[in-house]
Amino acid sequence: MARVEFPPVLDLLVGRERFTVALSTLRKFGDSMLAKMFSGNMDSLQKDDAYFIDRDGKWFGTILEYIRDGAAQLPKEPEDLQRLLQEARFFMLPELEKWIEERLNSVAVMIEFFTGDYRCSDQECNCGGSGKSFADEPHNSYELDHPRVKRPPVVAEPFLTMNASFSKDDGDQLAVAKSSILPVLRSRFGSGTPGTQAWPEEEAFQRRLGEKLRLLASNGEIMQIEFVVNVLEYSVGCLYDHDYDRIYHHQSFLKARISRKPSSIDVAKRQRRA
């Protein structure tokens with residue numbers, strides 16, 4: 001078969017969509033399907049004075065945008081991303097494939113943080129108490145005075161709201177949000193230089209937040225998760241040598257509410273069930 005010569009600028013008909021493209025653009029990625037189609041070594045179909053490609057023209061503009069610039073505006077909806085992924089595979093653009101797959105595997109969430117003071121007193125423990133220990137004294141009555149019942153105050157408005165996206169396959173789900181979350185929480189609950197000093201319950205809080213993010217990522221049926229941790233522990237009571245006559249309280253609570261941002265696929269699933 002004789003080698004086909006192409007003009008420097010071509011008209012393409014992709015599905016029903018028409019495009020005018022430089023030959024150098026089509027040949028930019030040597031291993032791509034477009035480079036092979038217009039290498040001169042393959043037969044070409046023509047229709048309406050244009051070279052015809054039997055693919056979905058809706059997504060070909062995005063394919064060209066990626067080839068020209070090395071980046072493209074990806075669609076937001078998962079079903080559109082799936083269709084674009086099919087086109088990226090057909091046109092043999094592995095880096096674009098990887099980028100789309102990462103986007104498909106990502107989870108977008110809104111995280112709201114609430115806090116309030118328990119206001120425990122000698123007569124009433126609202127935080128639930130913890131780590132009680134008693135001196136061997138006959139007058140000790142702290143256990144009766146401080147029932148371990150947690151009564152957090154109702155707080156309607158979050159003090160911090162943030163949006164985050166992370167990959168379902170990311171081994172460190174929390175790393176995506178940690179850099180922006182921790183300085184704010186440290187300035188609220190830490191001591192020393194604002195934003196740099198860890199607060200006592202920070203490690204446990206990070207662990208629970210990571211667990212909840214992983215659960216949300218792994219189970220598409222879950223739309224919202226929240227949890228509460230006690231923060232800023234302190235104690236009241238007396239110290240007798242090595243024996244303690246103390247009650248441990250927490251000054252405040254920290255609640256995190258994690259809400260999945262629904263895609264159109266999530267909405268469609270819920271509508272079908274209804």
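**View 1. Leu-13 of strand E1 and its place opposite Phe-52 in strand E4.**
In this predicted model, Leu-13 stands opposite Phe-52, a residue of strand E4. The two strands concerned, E1 and E4, run parallel and are joined by three bridges, with E4 covering residues 50-53.

**View 2. The antiparallel pairing of strands E1 and E2.**
Strand E1, made of residues 9-14, is also joined to strand E2, made of residues 17-22, and here the two strands run antiparallel, with six bridges between them.

Asp-49 is found in the loop between strand E3, residues 45-47, and E4. Its phi is near 60°, which is a positive value in a residue other than glycine. Is Asp-49 buried or exposed? With a relative accessibility of 74%, Asp-49 lies over the 50% cut-off and therefore counts as exposed.

**View 3. Met-92 in the loop between helices H4 and H5.**
The loop between helix H4 (78-90) and helix H5 (94-104) contains Met-92. Although Met-92 is not a glycine, it has a positive phi of about 60°. Because its relative accessibility is 32%, Met-92 counts as partly exposed.

Glu-112 is found in strand E5, which covers residues 106-117. Its relative accessibility is 13%, which is under the 20% cut-off, and so Glu-112 counts as buried. Which residues is Glu-112 in contact with, once its neighbours within four places in sequence are left aside? They are Pro-158, Leu-160 and Thr-161, together with Lys-255, Ala-256 and Arg-257.

For the protein, the mean pLDDT is 79, and 75% of the residues reach 70 or more. Over residues 131-145, however, the pLDDT is below 50, and this stretch has 28 contacts in the model beyond near neighbours in sequence. Residues 264-274 likewise have a pLDDT that stays under 50, and for them the model has 11 contacts beyond four places in sequence. Where pLDDT is low, the predicted coordinates should not be read in detail.

Terms used. Residues numbered from 1 in each chain as written. Predicted model: local features only at pLDDT ≥ 70, side-chain atom pairs only at ≥ 80, totals over all residues. Heavy atoms only, no water. pLDDT = per-residue confidence, 0-100. Contact = heavy atoms within 4.5 Å. Pairing = 2+ DSSP bridges. Helix = DSSP H or I, 4+ residues; strand = E, 2+ residues; numbered from the N terminus. Buried < 20%, exposed > 50% of the residue type's maximum accessible area, 1.4 Å probe, protein only.
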